[in-house]
Amino acid sequence: MTTLETFPCVYTFKVFGRSSDAFADRVREILSETLGPIPRDSVKVRTSRHGRYMSVTVCAYVHSRAQLERAYSDLRADREVLLYI
């Protein structure tokens, strides 16, 4: 993974999945495992026009490139996550 970020930094994750009441909390939980506690006000949720999908945007403090790579690896491993950027 190539990144132009200088660490430590505040990094924005955007994660997409099927719309559900639990998806945003699941994304927050996945990222918290690597990055530590993520306040609810750091999470923004948007539902698609027809309500089938949602995007979850999380702004979180990342200490290192290794930590960033681990967070993306954890997202990739989750079955509910369809796409992330």
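A disulfide, a covalent bond between the sulfur atoms of two cysteines, is counted here when a pair of cysteine sulfur atoms falls within 2.5 Å. By this rule the count is zero disulfides. The two residues also differ in burial, which is read from relative accessible area (buried under 20%, exposed over 50%, partly exposed in between; 1.4 Å probe, protein chains only). C9 is buried at 10%, whereas C59 is partly exposed at 36%.

The model is a predicted one, in which local features need pLDDT of at least 70 and side-chain atom pairs count only at pLDDT 80 or more, while totals for chains, interfaces and linings use all residues. Residues are numbered from 1 along each chain as its sequence is written, and side-chain values use heavy atoms, with hydrogens and water left out.

Helices (H or I, at least four residues) and strands (E, at least two) are taken as DSSP runs and numbered from the N terminus. Helix 1 covers residues 23-35, 13 residues in all, and reaches 18 Å from its first C-alpha to its last. This is close to the 18 Å expected at 1.5 Å a residue, where the expected span is 1.5 Å times one less than the number of residues. Its buried residues are F23, A24, V27, I30, L31, T34 and L35. Seen down the helix axis, these residues fall within an arc of 130°, so they line one face of helix 1; the arc is that of the directions from the axis to the C-beta atoms. Such a pattern can be read against helix geometry: an α-helix has 3.6 residues a turn, so residues three or four places apart point the same way.

The buried residues of helix 1 pack against strand 1 (9-18), strand 2 (43-47), strand 3 (53-62), helix 2 (65-77) and strand 4 (81-84), contact being heavy atoms within 4.5 Å. Just after helix 1, G36 takes a positive phi of about 90°. The loop that leads from helix 1 to strand 2 holds P39, which is partly exposed, with a relative accessible area of 45%. P39 and G51 are 12 residues apart in sequence and 25 Å apart in space, C-alpha to C-alpha.

The four strands form an open sheet in the order 2-3-1-4, with antiparallel pairing; two strands pair if DSSP finds at least two bridges between them. Strand 2 and strand 4 stand at the edges with a single partner strand each, so one side of each is left without a neighbour in the sheet. From one strand to the next, the twist averages 25°. Strand 1 and strand 4 pair over three bridges, and V15 has Y84 of strand 4 as its bridge partner.

Both helices pack on this sheet. Helix 1 touches strand 1, strand 2, strand 3 and strand 4, and its direction makes about 25° with that of strand 3. Helix 2 touches strand 1, strand 3 and strand 4, and its direction makes about 5° with that of strand 1. Axes are lines fitted to C-alpha atoms, for helices over the stretch in contact, and angles run from 0 to 180 degrees between N-to-C directions.

Strand 1 and strand 3 pair in the antiparallel sense over 10 bridges, with Y61 of strand 3 as the bridge partner of V10. Y61 also belongs to the surroundings of Q67, a residue of helix 2 that is buried, with a relative accessible area of 14%. Leaving aside neighbours within four places in sequence, Q67 is in contact with T34, L35, Y61 and V62.
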